[in-house]
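Please look over the sequence and the model shown here, and then follow the report below, which goes from the surface to the helices and the loop.

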Amino acid sequence: MYTITRGPSKLVTQRRTAWQEVEQQLGDDGEGASGQGPVQYTEKTPNPELKNFVPIDLDEWWAQRFLANIDSLS
């Protein structure tokens with residue numbers, strides 16, 4: 001089983017915190033304390049090749065993979 005050690009755990013926490021700040025700024029119309037913030041890119045004309053695209057739920061995918069690994073070990 002994989003265990004997150006102290007170094008990677010700290011990195012994950014830093015990245016999560018930074019991403020939460022970006023999401024908050026996007027929710028506040030992109031205006032940070034300095035008047036500048038992240039810019040969210042949006043296609044002006046949708047790509048017809050992607051009309052049936054369904055994004056993957058990574059949390060669900062990892063959960064299924066984790067459970068499959070447990071089943072294979074039993």
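## Surface and burial

The accessible surface of the protein chain amounts to about 7500 Å², and 56% of this belongs to carbon and sulfur atoms; such areas come from the Shrake-Rupley method with a 1.4 Å probe, and for residues only the protein chains shown count as cover. Of the 74 residues in the protein chain, 3% are buried, where buried means under 20% relative accessible area, exposed means over 50%, and partly exposed lies in between (1.4 Å probe, protein chains only).

This is a predicted model, in which local features need pLDDT of at least 70 and side-chain atom pairs count only at pLDDT 80 or more, while totals for chains, interfaces and linings use all residues. Residues are numbered from 1 along each chain as its sequence is written, and side-chain values use heavy atoms, with hydrogens and water left out.

## Helices

The protein chain has 2 helices and 0 strands, which are DSSP runs numbered from the N terminus (helices: H or I, at least four residues; strands: E, at least two). Helix α2 has 16 residues and reaches 23 Å from its first C-alpha to its last, close to the 22 Å expected at 1.5 Å a residue, the expected span being 1.5 Å times one less than the number of residues. At the start of α2, a side-chain oxygen of Asp57 comes to within 3.2 Å of the backbone nitrogen of Asp59.

The structure holds 1 aromatic pair. The ring centres of Trp61 and Trp62 are 4.8 Å apart and their planes stand at 80 degrees, so the pair is edge-to-face; rings of Phe, Tyr and Trp (its six-membered ring) pair if their centres lie within 6.5 Å, with planes under 30 degrees apart counted as stacked, over 60 as edge-to-face and the rest as tilted.

Trp62 is found in helix α2, residues 58-73. Trp61 counts as partly exposed because its relative accessibility is 37%, and Trp62 is likewise partly exposed, at 47%.

Together with Ile56 and Leu58, Trp61 and Trp62 form a nonpolar patch on the surface, with about 450 Å² of accessible area in total.

## The loop and helix α1

Val39 is found in the loop between α1 (6-27) and α2, and Val39 is exposed, with a relative accessible area of 78%. Although Val39 and Leu26 are 13 residues apart along the chain, their C-alpha atoms are separated by 7.6 Å.

Glu21, which is found in helix α1, counts as partly exposed at 46% relative accessibility. Glu21 and Pro38 are 17 residues apart in sequence and 9.8 Å apart in space, C-alpha to C-alpha.

Key:
Patch = residues over 30% accessible without salt bridge, like charges linked within 9 Å, V, L, I, M, F, W, Y side chains within 5 Å. Salt bridge = Lys/Arg side-chain N within 4 Å of Asp/Glu carboxyl O. Polar contact = N/O pair within 3.5 Å; in protein donor to acceptor, adjacent residues only side chain to side chain.
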